[in-house]
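Dear colleague,

I am handing over the structure we spoke about, and I would be grateful if you could look through it with the notes below beside you.

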Amino acid sequence: MDYANRGRPPQKKGKRSASKGRKPAGKKAGTPVPWGMIIVAVLVVAGFVWFLATISGKSEEPAAITEQAVPVPAEQPQVQAESSLPDKPDERWQYIEELENHEVQVDVPEREIGPPKLMQCGSFRQLDDANTLKARIAMAGLESQVRESNGSNGRWYRVILGPYETKRDAERDRHKLQRVQVFNCQIWNWNL
């Protein structure tokens, strides 16, 4: 059933239609003013004003009482603060002078660097695919190389970056590549 286009239900005979002789919605003639509600509202407002007036009047009274009830002390002679303090003691710590001239020696073991590292980001059968990845890597601000290798299963074009002195340097570049959506880069030891 279509409620939007349903229309109005038919009216019974004998009643006036909505457009003929009907008064607009609103106050009906002869409705009395609700004087009881008006009187209650006036009493509530008057009570609230009286309450605010009594609160503000009470806050001033205790201050006046406390001022009168508390005796004002007579002038007291001022004691000199300088004479009551003891003399500054001599400094008995010499750590300041000792630490200024003291040298600390720490043995730091040398980090084993190991062989240089290589990062391979792809291996492709087609040279065009390898060059496309090389261009994406260049957009990240890194330089890569495409190297051809012949193996038992045919010719491959590898996209590599490096050499890196440490694995940490290679990891830093791998994170840069991941930010530009180049994933699956492998870090290996460099085999010359």
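The side chains of Arg155 and Glu148 meet in a salt bridge, with 2.8 Å from N to O; the term stands for a side-chain nitrogen of Lys or Arg within 4 Å of a carboxyl oxygen of Asp or Glu. Arg155 is partly exposed at a relative accessible area of 44%, and Glu148 is partly exposed too, at 46%, where buried means under 20%, exposed over 50% and partly exposed in between, with a 1.4 Å probe and protein chains only.

Please keep in mind that this is a predicted model, in which local features need pLDDT of at least 70 and side-chain atom pairs count only at pLDDT 80 or more, while totals for chains, interfaces and linings use all residues. Residues are numbered from 1 along each chain as its sequence is written, and side-chain values use heavy atoms, leaving out hydrogens and water.

By the salt-bridge rule the count comes to three. Asp169 pairs with Arg172, their closest N and O atoms being 3.2 Å apart, and these two residues lie three apart in helix α5 (residues 167-179), so about one helical turn separates them. Glu171 forms a salt bridge with Arg174 at 2.5 Å between the closest N and O atoms, and this pair is likewise three residues apart in helix α5.

As for the whole protein, it has five helices and four strands, which are DSSP runs numbered from the N terminus (helices H or I, at least four residues; strands E, at least two). Of its 192 residues, 13% count as buried.
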